[in-house]
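Trainee: I have a model open and would like to learn how to read it. Could we go through it together?

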Amino acid sequence: MRGVETRIQQIRRRIFREVARMAYHTEWPTDRRIEALPYEIVPGEVGNYRNDIFLERAIVGERLRLAMGLPCRSAAEHSALSDNIAAATREETYYTPPLINIIKFACNACKENEVMVTEGCQGCLAHPCVEVCPKEAVTLDRNNGRSHIDPEKCIKCGRCIEVCSYNAIIRQVRPCAAACGMDAIHSDKNGKADIDYDKCVSCGMCLVNCPFGAIADKSQIFQMIRAIQAGERVYAAVAPAFVGQFGPKVTPGKLRAAMKQLGFADIIEVAVGADLCAAQEAEDFLAEVPEKLPFMGTSCCPAWSMMAKKLFPEQANCISMALTPMTLTARLIKHHYPDAKVAFIGPCAAKKLEAMRRDVRSEVDYVLTFEEMVGIFEARHVDVASLPEDPNGVNDASTDGRNFAVSGGVARAVVNVIKEKHPDREVKVESAEGLRECRKMMTAAKAGKYDGYLLEGMGCPGGCVAGAGTMQSIKKSTVAVNMYAKQAEHPTATGTEHVKELVKLVD
(Lines give C-alpha, C1' and ligand atoms only; values in the text may rest on other atoms or scores of the structure.)
Protein backbone atom coordinates (compact mmCIF):
# COMPACT_ATOMS: atom_id res chain seq x y z
CA MET A 1 0.00 0.00 0.00
CA ARG A 2 3.02 2.28 -0.40
CA GLY A 3 2.07 5.47 -2.19
CA VAL A 4 -1.53 5.37 -0.88
CA GLU A 5 -2.17 7.58 2.14
CA THR A 6 -4.48 5.40 4.24
CA ARG A 7 -5.74 5.80 7.78
CA ILE A 8 -3.03 3.40 8.92
CA GLN A 9 -0.30 5.64 7.50
CA GLN A 10 -1.91 8.65 9.17
CA ILE A 11 -1.95 6.91 12.55
CA ARG A 12 1.63 5.68 12.20
CA ARG A 13 2.86 9.16 11.26
CA ARG A 14 1.02 10.71 14.20
CA ILE A 15 2.57 8.16 16.59
CA PHE A 16 6.09 8.87 15.31
CA ARG A 17 5.50 12.62 15.53
CA GLU A 18 4.27 12.44 19.12
CA VAL A 19 7.15 10.22 20.25
CA ALA A 20 9.58 12.69 18.67
CA ARG A 21 7.87 15.59 20.44
CA MET A 22 8.21 13.74 23.75
CA ALA A 23 11.92 13.31 23.10
CA TYR A 24 12.42 16.99 22.27
CA HIS A 25 10.44 18.28 25.24
CA THR A 26 12.67 17.11 28.05
CA GLU A 27 10.59 19.12 30.54
CA TRP A 28 7.61 16.85 29.94
CA PRO A 29 7.30 13.91 32.38
CA THR A 30 7.50 11.04 29.88
CA ASP A 31 5.40 8.63 31.95
CA ARG A 32 2.51 11.08 32.31
CA ARG A 33 2.78 12.21 28.70
CA ILE A 34 2.51 8.71 27.22
CA GLU A 35 -0.55 8.02 29.40
CA ALA A 36 -2.26 11.15 28.09
CA LEU A 37 -1.42 10.75 24.40
CA PRO A 38 -4.08 8.11 23.45
CA TYR A 39 -6.76 10.59 24.57
CA GLU A 40 -5.23 13.36 22.47
CA ILE A 41 -4.75 11.19 19.40
CA VAL A 42 -8.25 9.69 19.69
CA PRO A 43 -10.33 12.47 21.29
CA GLY A 44 -14.04 12.60 21.99
CA GLU A 45 -16.63 9.95 22.72
CA VAL A 46 -16.83 8.11 19.38
CA GLY A 47 -14.10 6.16 17.61
CA ASN A 48 -12.71 7.54 14.35
CA TYR A 49 -11.58 4.27 12.79
CA ARG A 50 -13.30 1.49 14.76
CA ASN A 51 -16.64 1.20 16.51
CA ASP A 52 -15.03 1.11 19.96
CA ILE A 53 -13.15 4.21 21.08
CA PHE A 54 -11.62 2.37 24.04
CA LEU A 55 -10.21 -0.29 21.71
CA GLU A 56 -8.84 2.47 19.47
CA ARG A 57 -7.05 4.09 22.38
CA ALA A 58 -5.67 0.77 23.59
CA ILE A 59 -4.21 0.08 20.13
CA VAL A 60 -2.71 3.58 19.97
CA GLY A 61 -1.19 2.95 23.39
CA GLU A 62 0.60 -0.20 22.21
CA ARG A 63 1.79 1.60 19.09
CA LEU A 64 3.25 4.32 21.30
CA ARG A 65 5.05 1.73 23.43
CA LEU A 66 6.53 0.03 20.36
CA ALA A 67 7.59 3.38 18.92
CA MET A 68 9.42 3.97 22.20
CA GLY A 69 11.16 0.59 21.82
CA LEU A 70 9.12 -1.01 24.63
CA PRO A 71 7.55 -4.51 24.59
CA CYS A 72 4.07 -5.03 23.18
CA ARG A 73 1.52 -6.13 25.81
CA SER A 74 -1.51 -8.40 25.61
CA ALA A 75 -5.06 -7.35 26.47
CA ALA A 76 -4.84 -9.47 29.63
CA GLU A 77 -2.04 -7.36 31.14
CA HIS A 78 -3.02 -4.79 33.75
CA SER A 79 0.15 -2.73 33.87
CA ALA A 80 0.17 0.98 33.11
CA LEU A 81 0.93 2.19 29.60
CA SER A 82 4.06 3.82 31.01
CA ASP A 83 5.29 0.58 32.56
CA ASN A 84 9.08 0.24 32.18
CA ILE A 85 9.25 3.64 30.45
CA ALA A 86 12.58 4.35 32.12
CA ALA A 87 14.18 1.65 29.95
CA ALA A 88 13.20 3.55 26.80
CA THR A 89 14.71 6.82 27.97
CA ARG A 90 18.24 5.45 28.08
CA GLU A 91 20.27 6.60 25.08
CA GLU A 92 22.05 3.26 24.66
CA THR A 93 18.85 1.21 24.33
CA TYR A 94 19.25 -1.21 21.44
CA TYR A 95 16.39 -2.97 19.74
CA THR A 96 15.34 -6.04 21.69
CA PRO A 97 13.49 -8.98 20.15
CA PRO A 98 10.87 -9.36 18.94
CA LEU A 99 11.22 -6.50 16.51
CA ILE A 100 7.99 -7.09 14.55
CA ASN A 101 4.95 -7.35 16.82
CA ILE A 102 1.29 -8.22 16.37
CA ILE A 103 -1.08 -6.19 18.52
CA LYS A 104 -3.51 -9.04 19.08
CA PHE A 105 -6.56 -6.96 19.98
CA ALA A 106 -6.11 -5.00 16.73
CA CYS A 107 -6.04 -8.17 14.61
CA ASN A 108 -9.22 -9.00 12.68
CA ALA A 109 -8.62 -12.78 12.89
CA CYS A 110 -8.75 -13.03 9.10
CA LYS A 111 -9.32 -16.42 7.50
CA GLU A 112 -6.08 -18.16 6.67
CA ASN A 113 -7.28 -19.77 3.46
CA GLU A 114 -10.92 -19.98 2.43
CA VAL A 115 -12.63 -20.57 -0.91
CA MET A 116 -15.94 -18.74 -0.95
CA VAL A 117 -18.83 -17.87 -3.27
CA THR A 118 -19.54 -14.15 -3.60
CA GLU A 119 -22.73 -12.28 -4.53
CA GLY A 120 -21.46 -12.23 -8.09
CA CYS A 121 -22.76 -15.79 -8.52
CA GLN A 122 -25.58 -15.88 -11.12
CA GLY A 123 -26.77 -19.40 -10.42
CA CYS A 124 -26.06 -20.28 -14.03
CA LEU A 125 -27.48 -23.31 -15.77
CA ALA A 126 -24.04 -24.77 -16.54
CA HIS A 127 -22.83 -24.61 -12.91
CA PRO A 128 -19.36 -25.90 -13.88
CA CYS A 129 -18.19 -25.29 -10.31
CA VAL A 130 -20.40 -28.18 -9.19
CA GLU A 131 -19.21 -30.44 -11.99
CA VAL A 132 -15.46 -30.00 -11.44
CA CYS A 133 -15.36 -30.32 -7.65
CA PRO A 134 -13.57 -33.59 -6.80
CA LYS A 135 -15.12 -33.75 -3.31
CA GLU A 136 -18.71 -32.73 -4.13
CA ALA A 137 -18.24 -29.74 -1.86
CA VAL A 138 -20.04 -27.36 -4.25
CA THR A 139 -23.80 -27.59 -4.52
CA LEU A 140 -26.52 -25.41 -6.03
CA ASP A 141 -28.82 -23.75 -3.51
CA ARG A 142 -32.28 -24.04 -5.08
CA ASN A 143 -33.70 -21.27 -2.88
CA ASN A 144 -31.50 -18.45 -4.20
CA GLY A 145 -30.05 -20.13 -7.28
CA ARG A 146 -26.45 -19.67 -6.10
CA SER A 147 -23.66 -22.09 -5.53
CA HIS A 148 -22.70 -23.04 -2.00
CA ILE A 149 -19.38 -24.46 -0.76
CA ASP A 150 -19.32 -26.85 2.20
CA PRO A 151 -16.14 -25.85 4.10
CA GLU A 152 -15.97 -29.30 5.72
CA LYS A 153 -15.63 -31.00 2.34
CA CYS A 154 -13.65 -28.33 0.47
CA ILE A 155 -9.97 -29.16 -0.05
CA LYS A 156 -9.26 -25.68 -1.50
CA CYS A 157 -7.97 -27.05 -4.79
CA GLY A 158 -9.27 -23.97 -6.63
CA ARG A 159 -10.80 -25.80 -9.60
CA CYS A 160 -14.16 -24.11 -9.05
CA ILE A 161 -12.43 -20.71 -9.10
CA GLU A 162 -10.84 -21.47 -12.47
CA VAL A 163 -14.08 -22.47 -14.24
CA CYS A 164 -16.48 -19.79 -12.97
CA SER A 165 -17.45 -17.53 -15.91
CA TYR A 166 -18.36 -14.68 -13.57
CA ASN A 167 -15.26 -14.83 -11.35
CA ALA A 168 -17.78 -15.18 -8.54
CA ILE A 169 -15.72 -17.68 -6.53
CA ILE A 170 -12.65 -16.35 -4.76
CA ARG A 171 -9.88 -17.56 -2.52
CA GLN A 172 -9.48 -15.33 0.51
CA VAL A 173 -6.19 -15.52 2.40
CA ARG A 174 -4.83 -13.64 5.38
CA PRO A 175 -2.98 -10.64 3.85
CA CYS A 176 -0.10 -10.67 6.32
CA ALA A 177 0.48 -14.41 5.85
CA ALA A 178 0.27 -14.10 2.06
CA ALA A 179 2.95 -11.38 2.17
CA CYS A 180 5.27 -13.42 4.38
CA GLY A 181 7.82 -15.22 2.23
CA MET A 182 9.00 -17.25 5.23
CA ASP A 183 5.56 -18.73 6.07
CA ALA A 184 6.14 -17.46 9.58
CA ILE A 185 2.55 -16.34 10.24
CA HIS A 186 -0.18 -18.70 11.43
CA SER A 187 -3.28 -18.54 13.63
CA ASP A 188 -3.25 -18.79 17.40
CA LYS A 189 -5.99 -20.56 19.37
CA ASN A 190 -8.25 -17.50 19.01
CA GLY A 191 -7.78 -17.20 15.26
CA LYS A 192 -5.52 -14.17 15.61
CA ALA A 193 -2.34 -13.89 13.59
CA ASP A 194 0.79 -15.14 15.32
CA ILE A 195 4.45 -14.95 14.29
CA ASP A 196 6.89 -17.84 14.50
CA TYR A 197 10.01 -15.89 15.39
CA ASP A 198 12.25 -18.85 14.59
CA LYS A 199 11.24 -18.30 10.96
CA CYS A 200 10.76 -14.52 10.89
CA VAL A 201 13.54 -12.41 9.33
CA SER A 202 11.87 -9.05 10.09
CA CYS A 203 11.40 -8.03 6.46
CA GLY A 204 8.27 -6.12 7.49
CA MET A 205 6.13 -7.21 4.55
CA CYS A 206 3.42 -8.36 6.96
CA LEU A 207 3.47 -4.90 8.51
CA VAL A 208 2.78 -3.02 5.29
CA ASN A 209 0.18 -5.54 4.07
CA CYS A 210 -2.03 -5.76 7.18
CA PRO A 211 -5.12 -3.66 6.32
CA PHE A 212 -6.03 -3.38 10.01
CA GLY A 213 -2.73 -1.89 11.14
CA ALA A 214 -2.35 -4.68 13.69
CA ILE A 215 1.38 -5.18 13.07
CA ALA A 216 4.06 -2.71 14.11
CA ASP A 217 7.81 -2.66 14.63
CA LYS A 218 9.88 -1.02 17.34
CA SER A 219 11.62 2.31 16.88
CA GLN A 220 14.58 4.27 18.26
CA ILE A 221 13.18 7.72 17.52
CA PHE A 222 13.23 8.73 21.18
CA GLN A 223 16.71 7.42 21.92
CA MET A 224 18.32 8.99 18.86
CA ILE A 225 16.84 12.43 19.52
CA ARG A 226 17.90 12.33 23.16
CA ALA A 227 21.47 11.44 22.06
CA ILE A 228 21.60 14.50 19.80
CA GLN A 229 20.24 16.66 22.60
CA ALA A 230 22.87 15.27 24.97
CA GLY A 231 25.57 16.64 22.68
CA GLU A 232 26.53 13.45 20.86
CA ARG A 233 27.82 13.93 17.32
CA VAL A 234 25.33 11.79 15.44
CA TYR A 235 25.95 11.25 11.73
CA ALA A 236 23.06 10.22 9.49
CA ALA A 237 23.88 7.43 7.04
CA VAL A 238 21.10 7.72 4.45
CA ALA A 239 20.26 4.70 2.28
CA PRO A 240 20.19 5.03 -1.55
CA ALA A 241 16.41 4.56 -1.64
CA PHE A 242 15.87 8.02 -0.06
CA VAL A 243 15.22 9.73 -3.41
CA GLY A 244 11.64 10.98 -3.51
CA GLN A 245 10.70 9.58 -0.10
CA PHE A 246 10.52 13.03 1.51
CA GLY A 247 8.71 14.71 -1.37
CA PRO A 248 9.26 15.27 -5.10
CA LYS A 249 11.01 18.62 -4.54
CA VAL A 250 13.42 17.36 -1.87
CA THR A 251 16.93 17.20 -3.29
CA PRO A 252 19.99 15.69 -1.56
CA GLY A 253 21.11 19.23 -0.71
CA LYS A 254 17.78 20.10 0.91
CA LEU A 255 17.78 16.84 2.87
CA ARG A 256 21.27 17.56 4.15
CA ALA A 257 20.17 21.03 5.27
CA ALA A 258 17.13 19.54 7.03
CA MET A 259 19.18 16.91 8.86
CA LYS A 260 21.63 19.55 10.07
CA GLN A 261 18.70 21.65 11.25
CA LEU A 262 17.66 18.68 13.41
CA GLY A 263 21.11 18.62 14.97
CA PHE A 264 22.89 15.90 12.99
CA ALA A 265 26.62 16.49 12.61
CA ASP A 266 26.40 15.62 8.91
CA ILE A 267 24.96 13.06 6.52
CA ILE A 268 26.61 10.61 4.16
CA GLU A 269 24.97 8.55 1.44
CA VAL A 270 25.09 4.82 2.10
CA ALA A 271 25.66 4.52 -1.64
CA VAL A 272 29.29 5.18 -0.67
CA GLY A 273 29.17 2.00 1.44
CA ALA A 274 27.45 0.23 -1.45
CA ASP A 275 30.46 1.02 -3.62
CA LEU A 276 32.73 -0.47 -0.97
CA CYS A 277 30.48 -3.53 -0.70
CA ALA A 278 30.51 -4.04 -4.48
CA ALA A 279 34.31 -3.89 -4.51
CA GLN A 280 34.59 -6.36 -1.63
CA GLU A 281 32.08 -8.81 -3.11
CA ALA A 282 33.83 -8.65 -6.49
CA GLU A 283 37.11 -9.62 -4.80
CA ASP A 284 35.43 -12.46 -2.92
CA PHE A 285 33.69 -13.77 -6.04
CA LEU A 286 36.91 -13.81 -8.03
CA ALA A 287 38.77 -15.58 -5.22
CA GLU A 288 36.15 -18.17 -4.32
CA VAL A 289 33.84 -19.03 -7.25
CA PRO A 290 33.98 -21.73 -8.48
CA GLU A 291 37.24 -22.97 -6.89
CA LYS A 292 36.02 -22.85 -3.27
CA LEU A 293 32.27 -22.20 -3.57
CA PRO A 294 29.78 -23.37 -6.20
CA PHE A 295 28.09 -19.94 -6.26
CA MET A 296 28.00 -16.73 -4.25
CA GLY A 297 24.96 -14.85 -2.94
CA THR A 298 25.06 -11.12 -2.23
CA SER A 299 25.16 -9.90 1.36
CA CYS A 300 23.49 -6.48 1.46
CA CYS A 301 19.86 -7.50 2.20
CA PRO A 302 19.65 -8.91 5.75
CA ALA A 303 16.23 -10.48 5.18
CA TRP A 304 17.51 -12.42 2.16
CA SER A 305 20.78 -13.50 3.77
CA MET A 306 19.03 -14.60 6.99
CA MET A 307 16.47 -16.54 4.99
CA ALA A 308 19.20 -18.33 3.05
CA LYS A 309 21.11 -19.22 6.20
CA LYS A 310 17.99 -20.35 8.10
CA LEU A 311 16.45 -22.50 5.37
CA PHE A 312 19.60 -23.61 3.53
CA PRO A 313 22.23 -24.14 6.25
CA GLU A 314 24.36 -26.37 4.02
CA GLN A 315 24.73 -23.46 1.55
CA ALA A 316 25.13 -20.75 4.23
CA ASN A 317 28.83 -20.35 3.42
CA CYS A 318 27.84 -19.45 -0.15
CA ILE A 319 26.27 -16.18 1.03
CA SER A 320 28.91 -13.47 0.85
CA MET A 321 30.60 -12.54 4.10
CA ALA A 322 31.24 -9.03 2.78
CA LEU A 323 30.13 -6.27 5.12
CA THR A 324 26.85 -4.65 4.18
CA PRO A 325 26.67 -1.06 2.85
CA MET A 326 25.18 0.06 6.17
CA THR A 327 28.04 -1.40 8.21
CA LEU A 328 30.74 -0.22 5.80
CA THR A 329 29.35 3.31 5.81
CA ALA A 330 29.24 3.30 9.60
CA ARG A 331 32.83 2.06 9.75
CA LEU A 332 33.92 4.74 7.31
CA ILE A 333 32.29 7.45 9.43
CA LYS A 334 33.84 6.17 12.65
CA HIS A 335 37.21 5.75 10.95
CA HIS A 336 37.24 9.48 10.25
CA TYR A 337 35.34 10.53 13.40
CA PRO A 338 36.13 8.05 16.20
CA ASP A 339 33.72 9.68 18.69
CA ALA A 340 30.81 9.71 16.26
CA LYS A 341 27.52 7.88 16.62
CA VAL A 342 25.83 6.61 13.48
CA ALA A 343 22.13 6.61 12.69
CA PHE A 344 21.17 4.59 9.62
CA ILE A 345 18.15 6.13 7.91
CA GLY A 346 16.63 3.78 5.38
CA PRO A 347 13.69 1.88 3.96
CA CYS A 348 14.19 -1.36 5.82
CA ALA A 349 12.78 -2.98 8.96
CA ALA A 350 15.29 -5.85 8.69
CA LYS A 351 18.18 -3.38 9.08
CA LYS A 352 16.97 -2.88 12.65
CA LEU A 353 17.43 -6.61 13.16
CA GLU A 354 20.89 -6.46 11.56
CA ALA A 355 21.89 -3.67 13.93
CA MET A 356 20.87 -5.83 16.90
CA ARG A 357 23.70 -8.25 16.11
CA ARG A 358 26.54 -7.83 18.57
CA ASP A 359 29.16 -7.55 15.83
CA VAL A 360 27.29 -4.59 14.29
CA ARG A 361 26.37 -2.76 17.51
CA SER A 362 29.74 -1.08 17.74
CA GLU A 363 29.27 0.32 14.23
CA VAL A 364 25.59 1.32 14.01
CA ASP A 365 23.99 3.02 17.00
CA TYR A 366 20.49 3.79 15.69
CA VAL A 367 18.33 2.55 12.82
CA LEU A 368 15.29 4.51 11.69
CA THR A 369 13.09 4.28 8.62
CA PHE A 370 12.22 7.06 6.20
CA GLU A 371 8.69 7.05 7.58
CA GLU A 372 9.98 7.57 11.12
CA MET A 373 12.15 10.46 9.92
CA VAL A 374 9.08 12.16 8.45
CA GLY A 375 7.55 12.03 11.93
CA ILE A 376 10.64 13.76 13.33
CA PHE A 377 10.54 16.47 10.65
CA GLU A 378 6.87 17.08 11.45
CA ALA A 379 7.58 17.25 15.19
CA ARG A 380 10.10 20.05 14.59
CA HIS A 381 8.00 21.72 11.84
CA VAL A 382 10.80 21.27 9.32
CA ASP A 383 9.53 21.80 5.77
CA VAL A 384 12.34 20.05 3.90
CA ALA A 385 11.22 21.15 0.44
CA SER A 386 11.36 24.85 1.34
CA LEU A 387 14.91 24.81 2.75
CA PRO A 388 17.83 26.28 0.78
CA GLU A 389 20.21 23.84 -0.85
CA ASP A 390 23.24 22.73 1.13
CA PRO A 391 26.10 23.06 -1.41
CA ASN A 392 27.72 19.86 -0.09
CA GLY A 393 24.56 17.80 -0.40
CA VAL A 394 25.90 15.14 -2.77
CA ASN A 395 28.52 12.54 -1.83
CA ASP A 396 31.05 10.91 -4.13
CA ALA A 397 29.08 7.74 -4.87
CA SER A 398 28.83 5.92 -8.18
CA THR A 399 25.84 5.23 -10.39
CA ASP A 400 26.11 1.55 -9.46
CA GLY A 401 26.27 2.35 -5.74
CA ARG A 402 23.09 4.40 -5.85
CA ASN A 403 21.34 1.72 -7.88
CA PHE A 404 21.82 -0.78 -5.04
CA ALA A 405 18.33 0.33 -3.98
CA VAL A 406 16.57 -1.32 -6.94
CA SER A 407 16.26 -4.96 -7.84
CA GLY A 408 19.17 -6.11 -10.00
CA GLY A 409 21.36 -3.18 -8.98
CA VAL A 410 23.59 -5.04 -6.52
CA ALA A 411 24.58 -7.79 -8.93
CA ARG A 412 25.13 -5.26 -11.71
CA ALA A 413 27.50 -3.26 -9.51
CA VAL A 414 29.54 -6.34 -8.57
CA VAL A 415 29.72 -7.56 -12.17
CA ASN A 416 30.86 -4.13 -13.39
CA VAL A 417 33.74 -4.14 -10.91
CA ILE A 418 34.75 -7.63 -12.06
CA LYS A 419 34.54 -6.61 -15.71
CA GLU A 420 36.85 -3.65 -15.14
CA LYS A 421 39.52 -5.89 -13.63
CA HIS A 422 38.93 -8.95 -15.79
CA PRO A 423 37.21 -7.93 -19.05
CA ASP A 424 37.21 -11.49 -20.37
CA ARG A 425 35.66 -13.04 -17.27
CA GLU A 426 32.07 -14.11 -17.84
CA VAL A 427 29.86 -13.72 -14.77
CA LYS A 428 26.47 -15.36 -14.86
CA VAL A 429 23.83 -13.69 -12.71
CA GLU A 430 20.46 -14.72 -11.32
CA SER A 431 18.28 -12.32 -9.32
CA ALA A 432 15.18 -12.76 -7.21
CA GLU A 433 13.00 -10.26 -5.39
CA GLY A 434 10.63 -11.17 -2.59
CA LEU A 435 11.48 -13.95 -0.16
CA ARG A 436 9.30 -16.58 -1.87
CA GLU A 437 11.17 -16.08 -5.13
CA CYS A 438 14.47 -16.01 -3.23
CA ARG A 439 13.61 -19.40 -1.74
CA LYS A 440 12.95 -20.81 -5.19
CA MET A 441 16.27 -19.44 -6.40
CA MET A 442 18.13 -21.01 -3.47
CA THR A 443 16.36 -24.34 -4.00
CA ALA A 444 17.55 -24.33 -7.61
CA ALA A 445 21.06 -23.32 -6.52
CA LYS A 446 21.14 -26.16 -4.02
CA ALA A 447 20.27 -28.54 -6.86
CA GLY A 448 23.26 -27.26 -8.86
CA LYS A 449 21.39 -25.13 -11.39
CA TYR A 450 23.40 -21.98 -10.59
CA ASP A 451 26.92 -23.31 -10.20
CA GLY A 452 29.38 -20.51 -10.99
CA TYR A 453 26.68 -17.83 -10.63
CA LEU A 454 26.40 -14.64 -8.65
CA LEU A 455 22.98 -14.67 -6.97
CA GLU A 456 21.27 -11.45 -5.93
CA GLY A 457 18.52 -11.74 -3.36
CA MET A 458 16.19 -8.93 -2.33
CA GLY A 459 13.74 -9.57 0.51
CA CYS A 460 11.24 -6.97 -0.74
CA PRO A 461 9.55 -7.21 -4.17
CA GLY A 462 11.19 -4.40 -6.14
CA GLY A 463 14.25 -4.14 -3.93
CA CYS A 464 15.04 -1.67 -1.14
CA VAL A 465 12.72 0.90 -2.70
CA ALA A 466 9.89 -1.37 -1.53
CA GLY A 467 11.06 -1.64 2.08
CA ALA A 468 8.58 -1.52 4.95
CA GLY A 469 9.71 1.98 5.92
CA THR A 470 9.05 3.60 2.54
CA MET A 471 6.09 5.81 1.61
CA GLN A 472 6.32 6.27 -2.14
CA SER A 473 4.98 3.85 -4.76
CA ILE A 474 7.59 1.28 -5.79
CA LYS A 475 7.56 2.17 -9.50
CA LYS A 476 7.90 5.87 -8.76
CA SER A 477 10.79 5.20 -6.38
CA THR A 478 12.58 3.03 -8.92
CA VAL A 479 12.39 5.76 -11.56
CA ALA A 480 13.57 8.42 -9.08
CA VAL A 481 16.55 6.35 -7.92
CA ASN A 482 17.59 5.54 -11.48
CA MET A 483 17.45 9.20 -12.49
CA TYR A 484 19.49 10.29 -9.46
CA ALA A 485 22.02 7.50 -10.04
CA LYS A 486 22.69 8.75 -13.57
CA GLN A 487 23.85 12.10 -12.14
CA ALA A 488 26.84 10.47 -10.40
CA GLU A 489 30.30 11.42 -11.62
CA HIS A 490 31.49 7.81 -11.67
CA PRO A 491 29.64 4.93 -13.34
CA THR A 492 31.18 2.17 -11.20
CA ALA A 493 32.47 1.69 -7.66
CA THR A 494 36.14 1.64 -8.59
CA GLY A 495 36.15 5.30 -9.63
CA THR A 496 35.06 6.75 -6.30
CA GLU A 497 37.41 8.27 -3.74
CA HIS A 498 36.29 6.14 -0.79
CA VAL A 499 36.89 2.74 -2.41
CA LYS A 500 40.59 3.23 -1.72
CA GLU A 501 39.80 3.02 2.00
CA LEU A 502 38.26 -0.45 1.81
CA VAL A 503 41.38 -2.20 3.07
CA LYS A 504 41.33 -0.05 6.23
CA LEU A 505 37.70 -0.95 6.96
CA VAL A 506 37.72 -4.73 6.53
CA ASP A 507 40.99 -5.64 8.27
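This is a predicted model: local features need pLDDT of at least 70, side-chain atom pairs count only at pLDDT 80 or more; totals for chains, interfaces and linings use all residues.

**Reading the fold, from contacts to cores**

Trainee: How many helices and strands does the chain have?

Mentor: There are 21 helices and 15 strands. The radius of gyration is 25 Å, close to the 23 Å that the globule rule gives for 507 residues, so the chain is as compact as a globular protein of that length. Along its principal axes, the C-alpha trace spans about 80 × 65 × 40 Å.

Trainee: What percentage of the residues in the chain is buried?

Mentor: Buried residues make up 56% of the 507. As a general idea, nonpolar side chains in soluble globular proteins tend to be buried together.

Trainee: Which residues touch the most other members of the largest nonpolar core?

Mentor: They are Phe264, Met373, Ile376 and Phe377, in a core of 164 residues. Helix α11 (residues 271–288) gives this core its largest share, 9 residues. A second, separate core has 12 residues, among them Cys121, Ala137, Cys164 and Ala168.

Trainee: What does Phe264 touch, leaving out residues up to four places away in sequence?

Mentor: With those left out, the contacts of Phe264 include Met224, Ile228, Val234, Tyr235, Met259, Ala343 and Met373.

Trainee: Let me try a strand residue. Is Ala237 buried or exposed?

Mentor: Ala237, in strand β9 (residues 234–238), has a relative accessible area of 1%, and since buried means under 20%, Ala237 is buried. Beyond four places in sequence, Ala237 touches Ile268, Val270, Thr329, Ile333, Val342, Ala343, Phe344 and Ile345. Ala237 and Pro325 are 88 residues apart in sequence, yet their C-alpha atoms are 9.9 Å apart in space.

Trainee: Where does the backbone nitrogen of Arg50 lie relative to the side chain of Glu56?

Mentor: That nitrogen lies 2.8 Å from a polar atom of the Glu56 side chain. Setting aside residues up to four places away in sequence, Glu56 touches Val42, Gly47, Asn48, Tyr49 and Arg50.

Methods. Residues are numbered from 1 along each chain as its sequence is written. Side-chain values use heavy atoms; hydrogens and water are left out. A polar contact is a pair of N or O atoms within 3.5 Å; within protein, one must be able to donate a hydrogen and the other to accept it, and residues adjacent in sequence count only if both atoms are side-chain atoms. Contact means heavy atoms within 4.5 Å. A nonpolar core is a set of buried Ala, Val, Leu, Ile, Met, Phe, Trp, Tyr and Cys residues joined through side-chain atoms within 4.5 Å. Buried means under 20% relative accessible area, exposed over 50%, partly exposed in between (1.4 Å probe, protein chains only). Helices (H or I, at least four residues) and strands (E, at least two) are DSSP runs, numbered from the N terminus. The radius of gyration is taken over C-alpha atoms; the globule rule is 2.2 Å times the number of residues to the power 0.38.
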